[in-house]
Every structure is written in structure tokens, then in C-alpha cells.
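Good morning. Please have a look at the structure on the screen, and then I will walk through a few parts of it.

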Amino acid sequence: MKKILSVVLLLVLVTVTACGGGGNDSENVGQRAPMAAGGAAAGGDVFTQADQGVAPTAEAAWESWDDWAEEEAFAPMIEATESLPADAELTTWETPDIPQPAAVERRVIRNSDISVETLDFEDTVARLERIVDTSGGFVENSAHRSIRNHEELLWVAEYVIRVPVARFDAVNSEITRLGNVTHFTTSSEDVTMMFLDLQSRLSIREEEERRVEAMRDAATELRDILTLERELSDLRVVVDRYRRRMTEIDQLAAFSTIRLLIIEVEEPTEEEDEEEQYIPATPIIDPPDDGFGTRIAEAFRASVNFSAVLFEVLAIVVVSLILPLAVLAIPIYGGYIIYKKKVRGKV
């Protein structure tokens with residue numbers, strides 16, 4: 001019995017002790033809740049309510065938490081701001097500098113085709129040469145030939161002229177004053193992207209060429225050296241082709257091309273001038289109606305013409321069939337003769 005009482009007393013003591021500790025923990029939790037909600041710096045109202053034994057409201061706890069969190073988060077920034085001079089300017093956000101692409105020099109090939117008629121061929125050619133020399137260009141190709149018109153010998157000249165692109169429009173304007181312009185067209189072709197593509201390919205090939213050269217210099221076996229030499233030779237051919245093409249594009253873009261045709265013509269006479277100035281119009285007159293007899297005659301004439309055409313067609317068909325029919329008739333006739341002989345032999 002004593003043992004039972006001892007066990008019961010022991011259980012009571014343990015229970016009382018546990019309840020007392022739980023109460024203290026709950027009190028501590030009640031005290032820590034305002035601390036967490038309000039913080040040590042900004043939760044004065046919440047602490048006051050807790051000290052007085054009044055449970056703080058949820059709204060007050062959240063407001064205190066927001067104030068504390070904002071203060072803790074921006075405390076370093078506030079300290080740094082306070083340490084700045086009074087006249088310092090603060091920038092909240094600064095956009096980083098974005099690198100701008102380098103300007104690309106555009107390469108545009110400009111061409112023109114012009115045809116000019118002139119009465120004085122030699123004078124026109126001399127004036128053209130002066131225009132080309134003054135513009136700083138040159139004649140890339142020229143050809144002269146003569147043509148006979150009635151009793152006179154006239155000249156025709158073809159020129160391929162290269163002039164600086166800055167003087168292209170001015171030279172075209174001066175050429176159009178050499179005579180009567182019968183044809184004039186201009187065209188432009190932008191080859192910038194083509195040039196940049198060639199430039200990129202060239203840089204890649206040049207880097208590959210340098211690597212192969214380094215490998216060749218480091219090679220010790222004769223077989224490896226010969227193999228690298230062949231590869232290096234192929235790369236140099238490709239690099240040279242890219243460079244020549246880029247040089248050609250630069251030249252075409254720097255100097256525009258003018259294709260000019262000069263045609264010598266005869267001076268028109270007064271009669272030709274009058275004919276060109278006045279061309280009488282031809283009146284349209286309906287044919288007169290000659291009556292019923294004329295229509296009968298026209299119908300008979302059309303019938304005769306149709307019969308003649310039909311006879312010609314039939315004659316052509318018969319003549320074209322004579323040879324095939326003759327070729328077919330020979331074996332048929334031969335077979336018929338053989339058949340007749342067999343029939344007579346049986347009789």
C-alpha cells in the first residue's frame with residue numbers, strides 16, 4: 001500500500017512540475033510573439049500591451065513586423081546615406097551603358113547606261129575625253145566601228161568609263177549634254193553584307209592558316225610535314241581568293257561604271273523636217289454598197305477560190321499517197337499471182 005501511495009505521490013509531483021513548466025513556456029511564447037512581431041526597435045506598443053497582460057492584435061503585430069523589417073533591411077543604406085555630404089545627389093537606378101555597334105562602311109556599286117546621238121562625232125568624243133579627265137576617272141574599254149547609211153559613212157563608239165562614286169551623278173549630267181539622249185538608266189547594288197561575309201570568312205581562314213603553320217613548324221616527321229604543307233597550300237589559295245574578291249568589291253564601290261553608246265547620225269534635210277513635223281492622217285472611208293448583184297459576184301468568187309484551194313489540197317494528198325500505195329501494191333499483186341498459179345495447178 002505504501003508503495004502504491006509513493007507511486008501516486010510521485011506521479012502527482014511530476015504532473016505539477018510539468019504544468020508549471022508549460023505555463024512558463026506559454027508565457028515565454030506570449031512574450032516572444034510580440035518580440036517577433038514588433039522587434040526590439042519598433043515594437044514599443046506591442047511590448048506595452050504584452051507587459052500589461054493584453055494580447056496584441058494581429059494588425060498591430062504585422063505593422064510592427066513591417067516597420068522592423070524595413071528598418072533592418074535599409075539600415076546599411078541609411079547609414080551610408082547619412083555619411084554622404086549634404087549636397088550629394090543620389091541616383092536610385094542607373095541604366096548601364098549598352099555598347100553600340102561600330103558603324104559599318106556601306107559599299108554600293110552604281111552603274112548607268114546611256115545612248116547619245118550626235119551630228120559631230122569627233123567633237124563629241126573629244127568633249128567626252130575632257131569630261132572623264134576632269135572627273136578623275138578613266139576609260140576602261142572603248143570600241144569604234146563604222147556603219148554605212150545610204151552614201152555616207154557614220155561612226156558608232158562604245159565606251160566603258162570608270163569615275164569616282166562622288167562624281168557619278170555630275171558626270172552623267174555632263175554626258176547627257178553631249179547630244180540627243182535616246183536611252184538613260186541607272187542602277188545601284190548594295191554589297192555591304194557580301195563584303196562583311198567575305199571579311200569574316202577571311203579572318204577564319206587566316207587564323208586556321210596560322211595554326212597549320214605552327215603545327216608544321218613543330219612537326220618532326222616528314223610525312224606530317226608534307227601533309228601540313230599541302231593543307232597550308234590549299235588554305236593560302238582560299239585566302240588569296242577571298243582577298244581578291246574583297247579588293248574587287250572595293251574597286252567597284254569606289255569607282256562607278258558608265259556604259260556609253262555614241263551614234264553619229266545624218267543631219268536631217270528640210271523635206272525630212274517637214275515630213276516629221278506634219279504627217280497627214282489617213283481618213284477611214286467605208287466601201288460603198290454596190291447592191292445585190294455585187295454581193296452575188298463576191299459570193300461566186302469566194303466559192304471559186306474555195307474550190308481551187310480544195311483541189312490543191314486533194315492533189316497534194318493524192319501525190320503524197322502515190323509512193324506508199326505503190327509500195328503496198330507490189331507485194332499484194334505478187335501474192336495474187338502466186339495464188340492464181342496454185343489454183344490453176346490444182347485444176
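Predicted model: local features only at pLDDT ≥ 70, side-chain atom pairs only at ≥ 80, totals over all residues.

Staying with salt bridges, the count comes to 18. One of them joins the side chains of R106 and D190, with N and O 2.4 Å apart. R106 sits in the loop between α3 and β1, and D190 is in strand β4, so this pair ties together parts that are 84 residues apart in sequence. R106 counts as exposed because its relative accessibility is 55%, while D190, at 41%, is partly exposed.

Another pair is R201 and D197, whose closest N and O atoms are 2.8 Å apart. Both are in helix α6, four residues apart, which is about one turn of the helix.

Now the sheet. It is open, with five strands in the order β2-β3-β5-β1-β4, and the pairing is mixed. β2 and β4 are at the edges and have a single partner strand each, so one side of each has no neighbour in the sheet. β2 and β3 run antiparallel and are joined by 11 bridges; N141, for instance, has V160 in β3 as its bridge partner. Helix α4 lies across β1, β2, β3 and β5, at about 5 degrees to β3.

Last, the surface. V309, V313, V317, L321, L325, L328 and I332 make a nonpolar patch of about 640 Å². V309 belongs to helix α9, residues 292-346, and is partly exposed, at 47% relative accessibility.

Key. Residues numbered from 1 in each chain as written. Heavy atoms only, no water. Patch = residues over 30% accessible without salt bridge, like charges linked within 9 Å, V, L, I, M, F, W, Y side chains within 5 Å. Areas by Shrake-Rupley, 256 points an atom, 1.4 Å probe, with all protein chains shown as cover. Salt bridge = Lys/Arg side-chain N within 4 Å of Asp/Glu carboxyl O. Helix = DSSP H or I, 4+ residues; strand = E, 2+ residues; numbered from the N terminus. Buried < 20%, exposed > 50% of the residue type's maximum accessible area, 1.4 Å probe, protein only. Pairing = 2+ DSSP bridges. Contact = heavy atoms within 4.5 Å. Axes fitted to C-alpha atoms, helices over the stretch in contact; angles between N-to-C directions.
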